[in-house]
Every structure is written in structure tokens, then in C-alpha cells.
Amino acid sequence: MKAVVLEEFGGPEVLRVAEVDAPEPGPGQVRVRARAIGVNPLDGKIRSGAMRDVFPVSLPAVLGAEVAGEVDAVGPDVTGVSVGDAVFGFSDGGAYAEQVLTSSFAHKPAELSWERAVALPVAVETSDRVLRLLGVKSGETLLVHGAAGAVGALAVQIALASGVRVIGTAGAGNQERLAALGAVPTTYGDGLVDRVRALTPDGVDAVFDVAGRGALADSVELRGGATDRIVTIADPGAAQHGVVFSGASERDPARLAEVAELVARGSFTVDIGATFPLADAPEAHRTTESGHSQGKIVLLP
């Protein structure tokens with residue numbers, strides 16, 4: 001099968017397509033013929049080597065954590081799924097390939113496209129995990145850095161559904177999109193503290209940093225100097241600010257299925273920023289790293 005292989009750390013150009021052996025499912029696993037593969041900002045940070053201390057990677061490696069497609073092989077001790085079923089979930093090993101193993105997956109609703117299905121696993125798991133860590137409650141104010149991306153936008157919607165007021169930072173081109181989701185939008189960059197204080201003079205109760213754009217010092221200031229209730233999933237300098245970096249995944253296939261149904265019914269919105277053929281993974285990474293994609297970036301094998 002074809003897979004996108006990382007043999008050295010560097011820019012997007014180090015990703016290349018290679019022929020590799022198709023994986024065989026072990027106990028608890030199914031193999032999926034991929035119809036859509038999720039691309040996440042973390043993939044680029046791993047590719048560049050910037051996250052080696054947080055997420056060690058042995059080279060050569062296949063990147064990617066999300067897959068949606070049809071089951072084409074079922075391993076031992078797997079029940080409730082058959083060859084031909086449409087599923088989506090987290091890959092076991094890399095996902096940038098034509099065939100991918102998974103042991104944490106849900107059935108895809110028929111009304112949900114492959115692209116929107118593959119946009120959910122990381123966004124759902126990360127949003128739920130961080131919102132639990134932050135302990136945000138109805139009536140509180142949450143600041144989300146990078147609120148227009150796939151994870152940020154879903155976190156905004158989950159928090160709003162719980163009665164939380166959300167202020168979201170994003171580029172100028174995404175301000176209307178954030179407002180449409182129900183967040184109070186503002187731009188990131190210089191002057192952020194003053195802009196947020198103008199929107200919420202009483203301060204913010206919690207901060208979720210999805211973007212990793214160096215906003216942690218501002219976040220601590222907006223929390224009155226407190227470092228609790230600030231969580232980043234993207235800034236490796238978290239420890240320098242006394243802030244929690246959360247990276248340990250807590251996967252729940254039942255929760256995936258629940259949110260997929262909400263998206264299929266239109267209760268939650270999932271936007272696709274762009275799609276690329278598998279061979280164009282380098283361009284997909286460039287688009288993700290530009291910070292201007294309005295939604296999930298997806299590879300189509």
C-alpha cells in the first residue's frame with residue numbers, strides 16, 4: 001500500500017510517498033481502507049522535530065491520528081463490526097496511508113461525510129479532556145486561543161452548550177465565523193490583554209490554548225497572575241509559565257458516536273478547510289501551518 005513516510009525531521013518537503021506493507025489487525029483491532037485522513041497542527045510539530053521532548057518519535061514513521069473509511073479486515077476478539085462497515089476513529093500507528101489500523105472507533109452515521117467524520121476524533125477527545133481539566137461551569141467565561149481551528153471550534157460549541165460564555169481568538173478572516181458559532185471573537189497578537197479586558201472587565205475564569213502562538217504569558221495576566229485553570233495542548237513552553245500541558249489522550253468511542261450524531265443532525269457545526277490527495281501531504285502541512293485554514297484539513301487517499 002502507499003503511505004506518507006517521515007524519514008527525517010524538517011519542513012513539509014521531508015514527507016514522501018512510499019510503498020510499505022499493509023498492516024494486519026491484531027486483537028481488538030480492525031483495518032480500515034481509508035477514505036479520509038485527518039491532518040492536525042500537532043502532525044507538523046512532530047514532523048519538524050519541535051515536539052521530540054514531548055512526543056518522542058522513532059524514524060521512519062507514518063504521521064497522523066485520525067481515519068475514516070470502510071473496514072476491510074477484522075482482528076481477533078472484535079465484536080460489533082463487520083467487513084464493509086463505515087467507521088471513523090483514532091489510528092493505531094500512523095494514519096497517512098491507504099490502509100490503517102484502529103482499535104478506538106465508532107460507526108459513521110450515513111448522513112455524515114467521510115471528511116466531517118474524520119474531523120471529529122481529535123477535536124472531540126481534546127475538547128472534552130481539556131474542558132474537564134479546566135472545570136468550566138455554566139455562567140463562567142472561557143478564553144479559547146485558536147478558536148477557529150477544528151479543535152477550537154468544537155471546544156467553543158461544547159462549552160457554549162454547557163452555558164459557558166466563550167471569548168475566542170482567531171485571525172481577522174475568522175471573526176465572523178466565530179461570532180456565528182456563538183463566541184465573542186477577538187484577534188490574537190499584540191494588545192490581546194487589553195482587547196480581552198474590554199470584552200470581559202471581570203476577567204476570565206479559564207483559558208484553553210489550542211494555538212500555541214505564545215499567548216501563555218497574556219493568559220496568566222488575564223487570570224490575575226494565577227496559573228491554574230490554564231491548559232495548553234500546543235505550546236511546549238508551558239512549564240516556563242507554570243501552565244499545564246495536556247497531551248495524554250483519553251479515547252471514548254461512545255462519546256465519538258454521540259457527537260457524530262449531533263453533527264449529522266446539525267446540532268454542532270464542523271467545517272472542512274481544504275482537502276488534498278495523499279501525495280500532497282506536504283502541501284496539506286503548509287496549509288495547516290499557515291494558520292489561515294478555516295476548518296479541518298483532510299487527506300483523501
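This is a predicted model: local features need pLDDT of at least 70, side-chain atom pairs count only at pLDDT 80 or more; totals for chains, interfaces and linings use all residues.
**Helix 1 and its buried side**

- Helix 1 spans residues 41-48, and its buried residues are Asp-43, Gly-44, Ile-46 and Arg-47.
- These four residues lie on the same side of helix 1, because the arc they cover around the axis is only 160 degrees.

**Helix 1 meets helix 9**

- Two packed helices are described by the angle between their axes and the distance between the axes.
- For helix 1 and helix 9, the axes cross at roughly 110 degrees and come within 9 Å.
- Angles from 65 to 115 degrees count as roughly perpendicular, so helix 1 and helix 9 are roughly perpendicular to each other.
- On the helix 1 side, Pro-41, Asp-43, Gly-44 and Arg-47 make the contact, while helix 9 brings His-285, Thr-288 and Glu-289.
- Sorted by class, the residues of this contact between helix 1 and helix 9 are 1 nonpolar, 3 polar and 3 charged.

**Helix 3 meets helix 8**

- Helix 3 (residues 121-134) packs against helix 8 (residues 253-265) at an angle of about 110 degrees, and their axes are 10 Å apart.
- Helix 3 and helix 8 are therefore roughly perpendicular to each other.
- The crossing of helix 3 with helix 8 is right-handed.
- To find this contact in the structure, look for Pro-121, Val-124 and Asp-128 on helix 3, and for Arg-255, Leu-256 and Val-259 on helix 8.
- The contact of helix 3 with helix 8 has 4 nonpolar residues, 2 charged ones and no polar ones.

**A closer look at Thr-141**

- Thr-141 belongs to strand 8, which covers residues 141-145.
- Is Thr-141 buried or exposed? Its relative accessibility is 9%, and a residue under 20% counts as buried, so Thr-141 is buried.
- Leaving aside residues up to four places away in sequence, Thr-141 touches Arg-165, Ile-167, Thr-200, Gly-203, Val-204, Asp-205 and Ala-206.

How values were computed
Residues are numbered from 1 along each chain as its sequence is written. Side-chain values use heavy atoms; hydrogens and water are left out. Axes are lines fitted to C-alpha atoms, for helices over the stretch in contact, and angles run from 0 to 180 degrees between N-to-C directions. Helices (H or I, at least four residues) and strands (E, at least two) are DSSP runs, numbered from the N terminus. Angles under 35 degrees count as roughly parallel, over 145 as roughly antiparallel, 65 to 115 as roughly perpendicular and the rest as oblique. A crossing is left-handed if the near helix is turned anticlockwise from the far one by less than a right angle, and right-handed if clockwise. Contact means heavy atoms within 4.5 Å. Ala, Val, Leu, Ile, Met, Phe, Trp, Tyr, Cys and Pro count as nonpolar, Asp, Glu, Lys and Arg as charged, and the others, Gly among them, as polar. Buried means under 20% relative accessible area, exposed over 50%, partly exposed in between (1.4 Å probe, protein chains only). The arc is that of the directions from the helix axis to the C-beta atoms.
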